[in-house]
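Open the model in your viewer and keep the selection panel at hand. This tour goes stop by stop.

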Amino acid sequence: MANPYGAVGSVATVASSISSDGGTGDSGGQSGERDTLVSTLTTGQVLGRLFGCIRPHLGSFVLSFASAAISVVLQLYVPILVGRGIDCIIAAGRVDFGALIPLLWQLIAVIVGAAVFQWVQGYCVNRLAYETVRDLRTQANDKLSRMPLSFIDSHAHGDLISRVVNDADQVGDGLLQGLTQFFSGIVTIVGTLVFMLSISVPMAVIVVLVTPLSVIVASAIARFSNASFTEQQLIQGKLGGYVEELVGAQKLVDVFAHGDEVLAGFDALNRQLYVSGERAQFLSSLSNPGTRAVNNVIYAIVAVMGCICVITGWPAALTVGGVQTFLSYANQYTKPFNEVTGVITQIQTAFASARRLFALMDAAEEKPDAPDAVELVEPTGDVELAHVDFSYVPERPLLCDICAHARPGQRFALVGPTGCGKTTLINLLLRFYDVDAGEICVDGIDTACIARDSLRRAFGMVLQDTWLFEGTVHDNIAYGKPDATREEVVAAAERARADSFIRALPQGYDTVIPEDGGTFSQGQRQLLCIARVMLTDPAILLLDEATSSIDTRTELQVQRAFDELMHGRTSFVVAHRLSTIRNADCILVMRDGQIIERGTHDELLAAGGTYAELYTSQWQA
């Protein structure tokens, strides 16, 4: 099975997993509040941008409009033929069949022709709507891939997913309904107006003067219901985020017996969605009956005036067939207003969803690489942090004056209590965030001057939290090197001590792993992630509690593999189990965003400081 996620670097694959807390709690004061993307676009601006999205599919747009025009014109010709047929009835028992039969054949031909062009219009509108939605969803997904990690961290993932998936679908439904009514409506209104004026100018003027009442009614209702539709889509995004979060944490919910609380939280959001949706649907549902009531009044007025015209000849002489024709046109003239108000719910939902999509697309992207950004061709692994300061929230500093220099091949370990900034430092090395002050250099080059992809390809990372996608074992291991041969993949798995359990699987390396690892044990998932990094053979290794989910016996085996892998490579190891870092060349002890101690294992023990206390407490435990 081919890799469905494309060929990207091993570090980029886990960008979303290495949030500021990295799964280890080292958020260091990031705000837990999630931002809400809100668009201030007016209805006209949203409509303009939607038509901009339609422009690449102009052929379908023009063909659908032309088909709608021909279909409507043919439909408008039907009342004329019916009226002429009625006038062929001279009196009781006296019918001019010689004139009536040709009219019937014309009527059949016109009806069939209108149906054919109506089908063509429907096909073109469907194609236009779905191609536009496909483009919108692609643009939204591409936009997310260009967003900085800080954006992903500060917005609910379920809400972002809802924008890309649900809101795009809602826009498609609105386009489908709206464009169908728009094309047919314009031609119907213009065509019926022309035909009515050709029959009787005074009666046509009456219809035109009274019709705006239905527009006023529909506009007033739409204005009141628009806020409810916007609120409905916002709550739907929140609900999606809530469900997405809980599905991933279902085991914890069950372990802590929080099922009732979770259901209560879901019910609260679901109730909010129900209330806002009910209010929106109720308000919008008033539009169609309101306009129909006005249009029925118009129809009655036309019928009365037509009768007066037949009897008195004032204000225009009409036959009975002419009155029937005019009534048909009056009904068709008001029909577009009824149809638009009938789909006002979908249209308003589409506009609310479009605003949410465009708010995502208008969000500030990750600052692009400078035009003269340096490409790391063969990095040696020299890493220096010079007086680095950083904070997620300006008023709450996290890292202060961090200085360290890891020369090629050296092993650095980061230890300290949860929340001291260890994983944040890893994020800065990878430029998932940029430093506030100071600089980080790789091979003597400031990382701010290095192309991000080039920088991240120099790193290999194994996290505490594993990430596997739905695909074969081979594809998961080869994620960072898609062109790797089977022999290379097997060799990496052997070095990671994963080959034996892989060969025991039903299809070995061709076994398909379910999403997020399925029933694989946490240790097996970790071994596969370790094999993935071993295959990429990076210059710099980042190990964030990489062996925390493996049993002690397997850990010893993997540790030997890591020792082999780290030989000659710069390594940064975040560890809580201090027994795993005794061979580090330098151990950095962090507290409150500062390095308070540094040295080898033996030196720090001899110093009798914080490290010695941590080590002694773990040993005693």
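In what follows, angles run from 0 to 180 degrees between N-to-C directions, and axes are lines fitted to C-alpha atoms. Keep in mind that this is a predicted model.

**Stop 1: a helix pair.** Select residues 486-495, helix α16, and residues 522-536, helix α18. The two pack at an angle of about 125 degrees, and their axes are 8 Å apart. Angles of 65 to 115 degrees count as roughly perpendicular and those over 145 as roughly antiparallel, so α16 and α18 are oblique to each other. Their crossing is right-handed. Now show side chains. On α16, the contact uses Glu488, Val489, Ala492, Ala493 and Arg495; on α18, it uses Ala531, Met534 and Leu535. By class, these residues split into 6 nonpolar and 2 charged, with no polar ones.

**Stop 2: the cores.** Select Ile477, Ile502, Leu528, Ile581, Ile587 and Tyr611. These have the most contacts inside the largest nonpolar core, which has 43 residues. Helix α18 supplies the largest share of this core, 8 residues. Center on Ile587. Which residues is Ile587 in contact with, leaving aside its neighbours within four places in sequence? They are Ala413, Val415, Ile581, Glu597, Arg598, Gly599, Thr600, His601, Leu604 and Tyr611. Another core, of 40 residues, lies apart from the largest one; Leu399, Leu430, Val442 and Cys586 are among its members.

**Stop 3: an enclosed helix.** Select residues 422-429, helix α13. Here 8 of the 8 residues are buried, so α13 is largely enclosed by the rest of the structure. The buried residues include Lys422, Thr423 and Asn427. Finish at Arg431, which follows α13 and has a positive phi, near 60 degrees.

Technical notes
Residues numbered from 1 in each chain as written. Predicted model: local features only at pLDDT ≥ 70, side-chain atom pairs only at ≥ 80, totals over all residues. Heavy atoms only, no water. Helix = DSSP H or I, 4+ residues; strand = E, 2+ residues; numbered from the N terminus. Parallel < 35°, antiparallel > 145°, perpendicular 65-115°, else oblique. Left-handed = near helix turned anticlockwise from the far one by under 90°. Contact = heavy atoms within 4.5 Å. Nonpolar A, V, L, I, M, F, W, Y, C, P; charged D, E, K, R; others polar. Core = buried A, V, L, I, M, F, W, Y, C linked by side-chain atoms within 4.5 Å. Buried < 20%, exposed > 50% of the residue type's maximum accessible area, 1.4 Å probe, protein only.
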